[in-house]
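Let us take a walk through a protein model together, one piece at a time. Keep the picture open beside you as you read.

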Amino acid sequence: MSQRPSVLWRTIATPLILTVLLLVIAALSYQFGSRAFNRTVVEMFINIMVVVGLYVFIGNSGLLSFGHISFMCLGAYMTAWLTIPPMMKSITLKGLPAWLLQTKLSMWIATPLSGLFVAIIALIVGRIIMRLSGIAASIATFGLLGVVNNVYSNWDSVTGGQGSIVGIPPTMTVWNGWLGAAVAIAIAYLYAISRSGLALRATRDEAVAANASGIDIVRERLIAFVVSAFIIGLAGALYAHFLSIVNPGAFYLRTTFVTLSMLVVGGMYSLSGAVVGVVAISVLIELFRNLEKGVSIDGVTLGLPNGFQEVAIGVITIVILIYLPSGLMRNRELTWPSWRRRQAVPRPAQPALEESN
Amino acid sequence: MASVELALSAQDVSVQFDGLKALSNVSLAVPRGRITGLIGPNGAGKTTLINVLTGFQQASSGIVELEGPTINGVAAHKLRRMGVARTFQSGRLFRELTVVDNLEVTGVGLGHNRHHAIGEAERVMEWLGIAHLGGTIAGALPYTDERRVAIGRAIMCTPRYLLLDEPAAGMSEHESHELATIIRRIANELNIGVLLIEHNIGLVLELCERVFVLDSGEIIEVGPPQQIRDSDAVRHAYMGTQRDEPMPALAVDGAAA
């Protein structure tokens with residue numbers, strides 16, 4: 001009955017292009033990059049997972065969340081508990097239940113389990129937070145960040161408190177970093193074209209009319225919240241393997257700020273924007289990091305003061321908000337050059353901050 | 001009165017906003033397959049009443065019934081799934097989506113899969129004669145088409161009741177005649193109970209079997225169009241308001257399409 005090609009067929013180009021572009025980056029880095037550069041690329045892939053996870057919730061619902069980095073924290077610690085050798089755990093994390101103390105899983109099993117754990121937590125927390133409207137929900141997510149940070153900073157016998165837990169197997173390479181990013185993109189894409197994704201974007205544009213169209217806003221928001229938490233939980237798990245240590249400070253304000261900047265810079269209403277934003281900001285961070293180290297000219301080292309990086313990223317985010325409010329991708333998706341069909345995946349909309357209901 | 005036939009009804013409904021009484025003891029019934037009118041000056045409480053009937057506003061007291069069962073406190077999206085649809089004064093289309101997606105997303109909201117929802121969207125657009133608009137972004141539609149799309153969205157999956165909040169506002173005479181035809185077909189062909197809220201009183205008197213007149217939150221008159229036309233109370237309620245032509249008694253009679 002319908003002459004339109006199916007949604008999947010019209011939009012599949014976007015995740016394919018993004019995944020292939022990242023694969024090219026991974027291959028180039030593997031072939032030509034130094035060890036340090038490879039680590040930067042892995043970190044970028046993990047950030048892509050986080051920001052794509054943020055996009056699933058923020059981009060589709062139009063609600064800002066300041067709390068998603070707590071899901072990264074939950075995922076990272078769960079992976080630490082599951083993968084650190086029992087010998088080490090029994091010394092540093094005495095408070096863990098016996099069965100967990102004896103567990104020793106590989107990254108391939110621990111990572112999805114950590115994602116699931118985070119998704120379940122998000123389901124419980126989200127049932128409360130998603131009832132709130134607009135700005136109240138955003139503030140509540142900020143509260144979640146604070147609560148999780150405090151618990152993990154102080155529950156010494158289980159999390160090691162302020163200190164770091166060491167001993168997570170350092171198994172990350174550019175290849176499984178790329179795989180993680182590809183999985184995140186695939187999940188985000190499938191969610192965006194799902195019934196729930198479509199319905200949620202309608203609530204973003206017109207919450208009242210969405211209600212009058214039979215859409216249960218709380219339910220659709222909750223689904224997006226859980227899916228995004230799952231993706232960010234996976235990212236947290238891989239991040240733990242990447243650093244091989246975890247401490248609660250790594251999953252707090254700075255990371256929240258940087259990842260949100262990445263999303264805003266790329267354009268928060270498109271999947272391509274999420275990915276492009278991370279790549280762009282990662283390049284800038286790397287650039288400023290080198291400049292902070294300094295350039296040596298005729299024996300004189302010229303360097304930027306430490307911390308300049310954060311300032312610069314902040315300024316760039318503000319400039320983008322002023323001149324390109326819809327981000328580098330203008331809320332559009334990457335697609336085949338000749339394929340001029342309009343897309344069913346995310347479209348431009350008013351900024352999330354204007355959401356009121 | 002309307003107890004024997006199927007109807008969406010309000011009984012003694014009152015709504016209070018911080019001491020301000022928006023509706024007081026309003027009773028009204030919208031029978032299946034008929035067109036009922038609701039008129040009244042600005043600020044009379046018409047939209048509040050629609051909001052109560054569609055779950056967007058809780059009644060402070062009184063009962064709202066859908067063909068028997070009480071529906072007080074049922075959420076708006078659930079009422080839509082139970083077959084109570086509405087449009088909005090301001091259109092409220094999903095402006096970033098195409099027309100067909102506007103309808104499709106409603107089908108999805110009502111629990112259908114996307115394929116089925118698109119099929120239903122295309123059927124409804126065909127039925128309304130707006131199939132040619134399918135690919136247009138809703139935000140770019142001219143005013144009149146916006147209204148028709150809003151109606152299309154509301155009749156997705158054929159609800160039992162349709163509450164139209166000033167669908168003819170800003171329409172030319174010709175356009176409101178076309179609208180009248182559509183509203184008649186909705187009631188007759190789809191057996192939907194229509195509640196028509198309008199400032200265009202000519203249109204209401206032309207279309208409706210029964211008309212309720214609301215003023216300052218109270219029903220001041222109920223009856224067939226002829227009775228409303230002759231009512232002193234109605235004439236009085238409209239005096240001094242900004243309505244240009246309070247009772248265009250004759251202009252409408254030839255308009256039956």
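This is a predicted model: local features need pLDDT of at least 70, side-chain atom pairs count only at pLDDT 80 or more; totals for chains, interfaces and linings use all residues.

Which residues of H2(A) are buried? They are Thr14(A), Pro15(A), Leu18(A), Leu22(A), Ala26(A) and Ser29(A). These residues cover an arc of only 100° around the axis, which means that they sit on the same side of H2(A). The face turned away from that buried side carries the exposed residues Val20(A), Val24(A), Gln31(A) and Phe32(A). And what do the buried residues of H2(A) pack against? Their partners are four helices of chain A: H1 (7-11), H3 (35-61), H10 (174-193) and H15 (271-293).

Now let us move to chain B, which has 9 helices and 9 strands. For its 257 residues, a compact globule would have a radius of gyration near 18 Å; chain B has 18 Å, so the two agree. Its C-alpha trace spans about 50 × 40 × 35 Å along the principal axes, and buried residues make up 50% of the chain. Look also at who touches whom: of the contacts in chain B with a separation of 6 or more, 65% are between residues 24 or more positions apart.

Next, find the open sheet of 6 strands in chain B, which has the order S5-S6-S7-S3-S8-S9 and mixed pairing. Strand S5 (84-86) and strand S9 (218-223) of chain B are the edge strands, each pairing on one side only. From one strand to the next, the twist averages 20°.

Let us stop at S3(B) within this sheet. 5 of its 5 residues are buried, so S3(B) is largely enclosed by the rest of the structure. In a regular strand the side chains alternate between the two faces of the sheet. Here Ile35(B), Gly37(B) and Ile39(B) are on one side of S3(B), Thr36(B) and Leu38(B) are on the other, and both faces are covered. S3(B) pairs with S7(B) in the parallel sense over 4 bridges, and Gly37(B) stands opposite Leu196(B) in S7(B). S3(B) also pairs in the parallel sense with S8(B), again over 4 bridges; there Ile39(B) has Val213(B) as its bridge partner.

S8(B), residues 210-215, runs antiparallel to S9(B), and 5 bridges join them. One pair to look for is Asp215(B) with its bridge partner Glu218(B) in S9(B). Helix H6 of chain B, residues 173-190, lies across S3, S6 and S7 of chain B, at about 155° to S7(B).

There is also an open sheet of 3 strands in chain B, with the order S2-S1-S4 and antiparallel pairing. S2 (20-31) and S4 (61-66) of chain B stand at its edges with a single partner strand each, so one side of each is left without a neighbour in the sheet. S1(B), residues 7-17, is joined to S4(B) by 5 bridges, and Ala10(B) has Val64(B) as its bridge partner there.

Finally, look for helix H1 of chain B, residues 46-53. H1(B) lies across S3, S5, S6, S7 and S8 of chain B, running at about 155° to S6(B). H1(B) lies across S1, S2 and S4 of chain B too, at about 120° to S1(B).

Definitions and conventions: Residues are numbered from 1 along each chain as its sequence is written. Chains are lettered from A and ligands numbered from 1 in the order in which they are written. A residue is buried if 20 or more other C-beta atoms lie within 10 Å of its own, exposed if 12 or fewer, and partly exposed in between; C-beta atoms are placed from the backbone. Helices (H or I, at least four residues) and strands (E, at least two) are DSSP runs, numbered from the N terminus. The arc is that of the directions from the helix axis to the C-beta atoms. Two residues are in contact if their C-beta atoms, placed from the backbone, lie within 7 Å. Two strands pair if DSSP finds at least two bridges between them. Axes are lines fitted to C-alpha atoms, for helices over the stretch in contact, and angles run from 0 to 180 degrees between N-to-C directions. The radius of gyration is taken over C-alpha atoms; the globule rule is 2.2 Å times the number of residues to the power 0.38.
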